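Let's take a friendly walk through this model, one local feature at a time. Keep the structure open beside you as you read.

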Amino acid sequence: MSDSQPHHAHPNAELLLSATKGFDYLFSNDIVSAREHFKQRDDPFHLMGLGVCAFLEAALGMESGLMAEATRCLSLSEAGTRKHMRNPKPRDLSHHSRFHHGLEWEILNADAVVLLGLTQALSESYMGYLQCIAHSKFTKLYKTVFPQGLPQPPNFDPTTTVALSPSSARITVSPSMPAALHHKPSLKSLNSESSTSSAASAATIPAPVAPAPAIRPGGFFSRWVGTASTPTLLIQSDSHVVPDGPVEDLIVAGSAFGFGLFNLVFSLLPKKIQGLVGFLGFKHDRKLALQALSLSATKHDVHGVFAGLVLMTYHGVVLLLSGYQANEAKILAEYQVIVDKIATRYPEGALWILNRAKIMRMSYDAEGAILVLQSGLKDVRKHSFAQADMLLIFELAGADAFIRITELNSWSHGTYYFIAAGCYYSLGNFEKAQSLLDAIPDLIDKKKISGKDLPTEVFIKKKLAFYKEKHLRRTGSEQNLIQSVKISPADVWNNHARISPSIAQAHIDILSSLTPPLEASSPTSGSRRGVKSPLSPRSKTSLSSLRIEDDLDTLDELAVRALLLGINYRTIKEFEVSRGFLNEALDYQNAVKVSTWVGGVAAFELAVLDLKEAEEGDPRPGIDRSLASTSSDTSASSSSTTSLTINADATDEVDGYMSNPISEEERKGVWKEALKCASANLEAALNLATSSVDLSSRLDSRIVMLRDEIATKKDMLGLDF
């Protein structure tokens, strides 16, 4: 393209940049200013902004009253985009893009359809689930924008945007916006002037990595959405294509985000739901989904921020719930880079403060996490996004914090009260704990979704009934039942995998002090690796041998104690003792009356134990970690901004190998046995997580995540079985 030829801005660039300023307010925790800014115009971009504001308030706070407003704004945006999609390209249009005319409206339309579906799903409308047809929209858009697949990720720079060369199958990278348009820290950037000019392309990226997983021709939805071949980009010749601007950035980031989000969500669905999705004709590829989200997150478009948020959430959930990570160092490093990048642009945003604290907690720096959260809440009155601030309070997770949350949102106050009661119980304030338990039944009855109790509330009602029955049996009264509660309700909800050894030991001491006393030899004498059949005979302790004066006078309580002891002993790396207690908990499966969830969780925790024990005995796991980092699916781990100290452990482990040699064949043999046993235990856990078991969907999701980690470890070791 000649240097003398003038650059013409995209006709929709000004609208997009204006709407982006509204999102700047939103991401900086000022939802009031964001809404006021979006209300100034009624085009699809600004209507989408209003819809997103209402949706986030409704979703984060479970505020059903805001669902209607979100639906109204999103419906108007969706209708507006459809109108623009039908408009022909003006003959006098001076702007020439590498994408066909109106593609930005297709991206925005797909966004609106997805958010409408999620809004309706949150309202318990089955129409929301039918909106999964939007997956086909994003698959089509993905093939349009990336006809050769995604570019190789390792050399991405956060200030660049992907560009498909019109003259070849190669993919180039060019700056997405001039410096004047780059987001600056804090709200000061909102007054900066905008420009739609862009610099010329600068670098070249290697060949693409993967095509999109298509909708299967035999799928149920295929007759609706078709199975057309990969579309071709409608682009001009080299001499008439101008460098990328904000609209092109939206197209790249938006298509990658939507495609990645749908594939990631589908890949995390429980197996039974995945089977239904497969029947409807959809396939998923989590590896490709994470690559697409990582690409989107490098952009300065609004979709890039949301992609970063999705990746943060995913990394945080995996670190918290999977129990074991094949390459924890890599996950933490990538998590850190994403948070740093967005927090630099929006330092006041509660969502980024939240994730900074989560990284510290996942890195076993609980004190540092608490300080970050407390600092984020100091200026809470300056922010208007109460639902986002509520997440900081929830993460802080003190007894008073859970009560305060009920003032900020309307979701299941009964659940918050139950957790708070457990916290007060652990603090020794039994009077306050009792008052909260007494208030729960009315709170649950006041609010139901579609006339049904939430899964957590079903669990809580069973626990309250269990407490009442026990107290009545022991005292002849249901009053002041907290006296008969011996295992804190908070312990059942807590995840012990990320606590410090000292806290784990404190839990062990409390649980071990309860009667009937533990038999010193019983946990370890039955220690064994492998699957424990649900039909195996239960532990020596029987109902007839329990005394009413014992702290724990039911098999349900003994099962819960054994499970919690097994988890905490694993945390302090007493693996043999841990295995004994977890097997004991599994032995009670056919004897428990209320705590039917214990067996499945025990089998899951045994799988985690298999992997943790193998990792602890591996003299050189750091070698695998370094190899995995070089073949990372994303570029985040290679960033120089990462300041974690986690890599030091890998060096120590390699040094340890030098003084404790083991052949690679022996090492792989140990891991092969551990991975096989873990997989078998997960299969047992899945068989026990039936629909009649409380919170079974949560366990199902954990099983899916841990299976992925097992697959990753097999790849790292080069094992195939």
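At 44% relative accessibility, Tyr-364 counts as partly exposed, a class that lies between buried (under 20% relative accessible area) and exposed (over 50%), using a 1.4 Å probe and protein chains only. Its place is the loop between helix 14 (350-362) and helix 15 (366-378); helices here are DSSP runs of H or I with at least four residues, strands are runs of E with at least two, and both are numbered from the N terminus. Phi of Tyr-364 is near 65°, a positive value in a residue other than glycine.

Leu-695 also has a positive phi, near 55°, and is not a glycine either. You will find Leu-695 in the loop between helix 29 (664-688) and helix 30 (696-717), where its relative accessibility of 27% makes it partly exposed.

## What kind of model this is

This is a predicted model, in which local features need pLDDT of at least 70 and side-chain atom pairs count only at pLDDT 80 or more, while totals for chains, interfaces and linings use all residues. Residues are numbered from 1 along each chain as its sequence is written, and side-chain values use heavy atoms, with hydrogens and water left out.

## The chain as a whole

The protein chain contains 30 helices and 3 strands. Of its 721 residues, 54% count as buried. The accessible surface comes to about 31000 Å², and carbon and sulfur atoms hold 55% of it; these areas come from the Shrake-Rupley method with a 1.4 Å probe, and for residues only the protein chains shown count as cover.

How much of the contact total comes from residues 24 or more positions apart? Among contacts with a separation of 6 or more, such pairs account for 74%, where contact means heavy atoms within 4.5 Å.

## The nonpolar core

The largest nonpolar core has 175 residues, and those with the most contacts inside it are Leu-26, Trp-352 and Leu-563. Such a core is a set of buried Ala, Val, Leu, Ile, Met, Phe, Trp, Tyr and Cys residues joined through side-chain atoms within 4.5 Å. Helix 12 (residues 302-321) gives the most to this core, with 12 residues.

Leu-563 is worth a look: leaving out residues up to four places away in sequence, its contacts include Leu-582, Trp-597, Val-598 and Val-601. Leu-582 lies in helix 25 and is buried, at 0% relative accessibility. Beyond four places in sequence, Leu-582 touches residues including Ala-562, Leu-563, Gly-566 and Leu-609.

In helix 2 (residues 31-38), the buried residues are Ile-31, Ala-34, His-37 and Phe-38. They lie on the same side of helix 2 because they cover an arc of only 120° around the axis, taken from the directions from the helix axis to the C-beta atoms. These buried residues pack against helix 1 (13-27) and helix 3 (44-61).

Ser-255 belongs to helix 9 (residues 246-268). With 0% relative accessibility, Ser-255 counts as buried. Leaving aside residues up to four places away in sequence, Ser-255 touches Ile-107, Phe-138, Leu-141, Val-145, Phe-146 and Leu-250.

## Aromatic rings

How many aromatic pairs are there? The count comes to 17, with rings of Phe, Tyr and Trp (its six-membered ring) pairing if their centres lie within 6.5 Å; planes under 30 degrees apart are stacked, over 60 edge-to-face, and the rest tilted. Phe-459 and Trp-597 form an edge-to-face pair, at 6.2 Å centre to centre and 65° between the planes. This pair links distant parts of the chain, 138 residues apart: Phe-459 is in helix 20 (residues 455-475), and Trp-597 is in the loop between helix 25 (575-587) and helix 26 (598-617). Phe-459 is buried at 3% relative accessibility, and Trp-597 is buried at 13%.

Ring pairs also link Phe-23, Phe-27, Phe-38, Phe-306, Tyr-346 and Trp-352 into a cluster.

## A charge over a ring and a cis bond

The charged end of Lys-713 sits over the ring of Trp-671, 4.5 Å from its centre; the rule asks for NZ of Lys or CZ of Arg within 6 Å of the ring centre and within 35 degrees of the ring normal.

Finally, the peptide bond from Thr-515 to Pro-516 is cis, with omega near 5°. Pro-516 is in the loop between helix 22 (501-512) and helix 23 (522-525).
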